[in-house]
Amino acid sequence: MTLQLLDIAAQYEGRVLYRNLSLTVETGEIVSLVGPSGSGKSTLLRIIAGIEEPVDGRVLLDGRDITELPIHRRGIGMVFQDNQLFPHLNVAGNIGYGLRMNRQLSPSRVQEMLELIGLPGFGVRQVDTLSGGEAKRVALARSLIVNPQVLLLDEPLTGLDTELHDRLLEDISKILRASKTTVVHVTHDLREATALSSRIVQITMLDSRTASTDSVTRPEA
Amino acid sequence: MSTPELNHPYRILAWPLLVAPMAFVVVFAIIPTAVLASRVESLDVVGDVIANRSIRQALWFSLWQSVLSAVVCLTVALPVTWVISRFDFPGRRLVRSLVTVPFLLPTVVVGVAFLAALPNSLDYSPVAVISAHAYFNVAVVVRIVGSRWESISMSLVPAAQTLGASPIRASLTITFAILSRTLLTATGLVALFSFTSFGVVRMLGGPSLSTIETEIYSRAVLIGDLDGAIVLAILQVIFLVILGMMLQRGASGAPRRTERLELRRKPLASHPMRVIIGGIIAVTTSGIIAPWWATLSRSRGGWGFIRKSEFRDALVVSLRTALTCAIVATVLGTCSALAASYGGKYHRGTAKLIGLPLTISAVVIGFGFLITFDEGALDFRSSWFITPLAHALIAMPLATIVVSQGARAIPRDVSAAAMTLGVARRRAWMTVDAPLLSKSVTSAAALSIAVSLGEFGASSFLSRRDSTTLPVLIAQELSRPGDLRTAHAYVVASLFIIVAVVVILGIEFGQGRSR
C-alpha cells in the first residue's frame, strides 16, 4: 500500500505547525520521521490515522483519497507512545480486540501473535502487571494482528532503559520486516531511526512562525 | 508476594487514638440500636408490622422510587458529566460548582424548592419525589463517574478505532466498559440515598406517599405506634448494613491505573460540538437554577421573618449545634483516621467499624436517641447537647474519610526524617505532621458544619420548642396555615441556597487562586 501525503497543513492548539508538507511512503517501506520536539511529528501520524483533521491537504492510500474517511474504515494501525492498552481487558483481550471488532476472533491467531512477540502464556495476564517492554510488545501485536495496510509507530521505544530499548528495537525490526507492512515511524532518536527504517525524513522548522518542509535522507544500507 | 508492612513511627499511638471514637460509636450508635432491637418482643410483632398494608406500601414505594430515582439521575447527569470531564471550555468550573450545590443543600430545602418549582398538579406525586432525588444526586454522578472518566486516556477510543471499531462500538467496548463498575457504584449510592431520603419525601410526598423513613417518623411521633416504628427501624438498619457492605465490595475493585493519567481535556474545536455541548450546559444549569429561582420568588413578602425571634433563636441553635458537632466529629474523626494511618491492619479494621453510623439512617439515629436517652440517669432528651451529638455521629464517618485522605498523602518517613535531625517524636509530629494535616482537618470541620446545618432526619425527633434548628423551622412554617407562614419557609430555604452557592463558589475559585 502506497501512502501519500499531499500539501498537508497542520496546527496544534491554534498554532500552525507546517504547511505544504508532502511525503510518499512506498509499499513495504519503513520510513522514520525525525525532528525536534514540537515539530508536529506525532500530529502527522494522528492525521494519517484520522484522529486529527488536517487544516489543509490530502491523505491518499494507493491513490484513493482517505482524508474524510473515519478512523475505523482506514485500515491504518497505530502503536501509541504510551501504548494505550485497554485497562479492563487482559493481554489476550487486548490483542484479540481488533479481530473481535471485525468479527474474526480466533484464539489460535492470538496465540500465534503472543509467540511472535515472545510472550507465550501471557494471554491471561492483566495489562497492569506487564513491564514496560512487555506492554510495548502487546501494543505492537494488537496493531499487527489485524493486518493493517499501514502501521504507524509513535515513539514506540521512548521511556525504556538502554538495554531493553536495543533488544526491543531489534525484535520490532525483525517483526516488521517479516510482516512486510508499510510503516511510518516517529522518533527523536536518530540512532533508532537508522536501525529501524529504510528511509529517514527530517521535519525541519524553517522559522519560529512555523513554515516548514521535509528533507529526505537515505541511510547507507 | 506482597511487600512486608513497615512500622510507622507513630504506630504506638494507634490503639490509644481509637479509644475515644470507639467509645462514642458504642455509646451513641451500637447501644441505641441494641435498645431498639431489644424492644421487639417477638417475631410475631415483626410479622404483624410487615402484614400492615400501609407499611407494605411504604416498603414498595421506597424500593421502586429509589431504583427509578437512580435511573433518572444517571440519565440526567451523564451528559453533563461527559461534558465536564472530557472538554475544556470557559466556565467549566462554574458549571461543575453549580451542579454540586444541590447535594450540599439540606434535603428539606430541596423538597421545598421543588414544591415551589413544580406545577401544583405535580405536588405530592411520585414524579415530584423522583425528580427531587435525581436533582439532589446529580453531583454524586458528576463527581464519582466524572473523576473516573477524566482518568481515561483520550487516546483509548481512537486506539480502538484504529483496530476497526466504529465510534459507537469503541465508546461502548472501551469507555463504558471501563466506567461500568463506577457507574454501578454511583447508581447504587443514588439508590441508597433515595431509599433513605426523609426530608424530600416529607416535603413532597404529602399524606399519600410514604417511605420507610417517613413511616418510622409518623409511627413514632404522629401515630404513637412505637412497635411498628421500632421494627421498621431495625429492618432498615439490617437492609442498609447489607447494602453498605455490597457497595463497599463494589468500590474495593479499584480501577486499574494502567493507562496514562491524561488530564488534558479536549478544547471545543468544531462548531457542531460547540452547539451540542452548549445545549447540554444550558439545559443542565437552567434545570439546576430553576428551583432556586422559584424558591426566591415564593419568599417575596416574607423577609421580615429574619428579624423575628423565632428565626433568630433557630439560627442560634443551628449555629451552636453545628459548631459543637464540628468539634466532636472532627476530633473523633481525626483520631480514627490517624489510628488507621499509623497502625496495621487490625487498627484499620477497627477504624472501619467506626464508620458504621454511615450505614444507619439519620432518622434511625434520632429515633434510637429518643428511645435510649429517655430514662433515669440517661435522660438527656431535654439537654441542649443531644442534637449536636446525634449530628456528630452522622458527620464523624465523613470527617474520618476526609482526614484519612490527608493522612495518606503524608509520606510515611517524613517525620522520621525530622527525628533523624534530632527532633523528638512529639515535636516532629507538631512541626511536620500537624501542618500537613491542617488542611484536611479544616475541610473535615467545614463538612461537619455543613452536615449539621442541613440535618433534618435526626433533628425531627430531637428538636424541642427551645431547640428548633433551621431545617425543622422550615418544616414547621410550611405545615402552618397562611401564605405568610409559607413565605417564611421559603425565606429560610432561600438563605440556605444563597449560602450554599456562595460557599461552593468560594471554595472552587479560592482553590484555583491558591494553586
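A crossing of two helices is left-handed if the near helix is turned anticlockwise from the far one by less than a right angle. The crossing of α1(B) and α14(B) is of this left-handed kind. The model is predicted.

**Helix pair in chain B**

- Helix α1 of chain B covers residues 14–38, and helix α14 of chain B covers residues 345–354.
- The two pack at an angle of about 20°, and their axes are 10 Å apart.
- That angle makes α1(B) roughly parallel to α14(B), because angles under 35 degrees count as roughly parallel.
- From α1(B), the residues in the contact are Ala14(B), Leu18(B), Pro21(B), Met22(B) and Val25(B).
- They meet His347(B), Thr350(B), Ala351(B) and Ile354(B) in α14(B).
- By class, this contact of α1(B) with α14(B) has seven nonpolar residues, two polar ones and no charged ones.

**Contact between chains A and B**

- Chain A gives 23 residues to the contact, and chain B gives 20 residues.
- On the side of chain A that touches chain B, β6 and α2 of chain A each supply at least two residues.
- That side of chain A divides into 13 nonpolar, seven polar and three charged residues.

- Five of the five residues of β7(A) are buried, so the strand is largely enclosed by the rest of the structure.
- Both faces of β7(A) are covered.
- Val150(A), Leu152(A) and Asp154(A) are buried on one side, and Leu151(A) and Leu153(A) are buried on the other.
- β6(A) and β7(A) run parallel and are joined by four bridges.
- Across this pairing, Met78(A) has Leu152(A) in β7(A) as its bridge partner.
- β7(A) also pairs with strand β8 (residues 182–187) of chain A, in the parallel sense, over five bridges.
- Here Leu151(A) has Val183(A) in β8(A) as its bridge partner.

**The four-stranded sheet of chain A**

- Four strands of chain A form an open sheet in the order β2-β1-β4-β5, with antiparallel pairing.
- Its edge strands are β2 (15–25) and β5 (64–65) of chain A, each of which pairs on one side only.
- Strand β1 (residues 3–12) of chain A is joined to β2(A) by seven bridges, and the two run antiparallel.
- Leu3(A) stands opposite Val25(A) in β2(A).
- Helix α1 (residues 41–49) of chain A lies across β1, β2 and β4 (56–61) of chain A.
- This helix of chain A runs at about 120° to β1(A).

**Two loop residues with positive phi**

- Gln84(A) is not a glycine, yet its phi is positive, at about 55°.
- Gln84(A) is found in the loop between β6 (76–79) and α2 (91–101) of chain A.
- With 27 other C-beta atoms within 10 Å, Gln84(A) is buried, because 20 or more are needed for that class.
- Glu155(A) is not a glycine either, and it has a positive phi of about 40°.
- Glu155(A) lies in the loop between β7 (150–154) and α5 (162–179) of chain A.
- Glu155(A) has 19 other C-beta atoms within 10 Å and is partly exposed.

Terms used: Residues numbered from 1 in each chain as written. Chains lettered and ligands numbered in written order. Predicted model: local features only at pLDDT ≥ 70, side-chain atom pairs only at ≥ 80, totals over all residues. Buried ≥ 20, exposed ≤ 12 C-beta atoms within 10 Å, placed from the backbone. Axes fitted to C-alpha atoms, helices over the stretch in contact; angles between N-to-C directions. Parallel < 35°, antiparallel > 145°, perpendicular 65-115°, else oblique. Contact = placed C-beta atoms within 7 Å. Nonpolar A, V, L, I, M, F, W, Y, C, P; charged D, E, K, R; others polar. Pairing = 2+ DSSP bridges.
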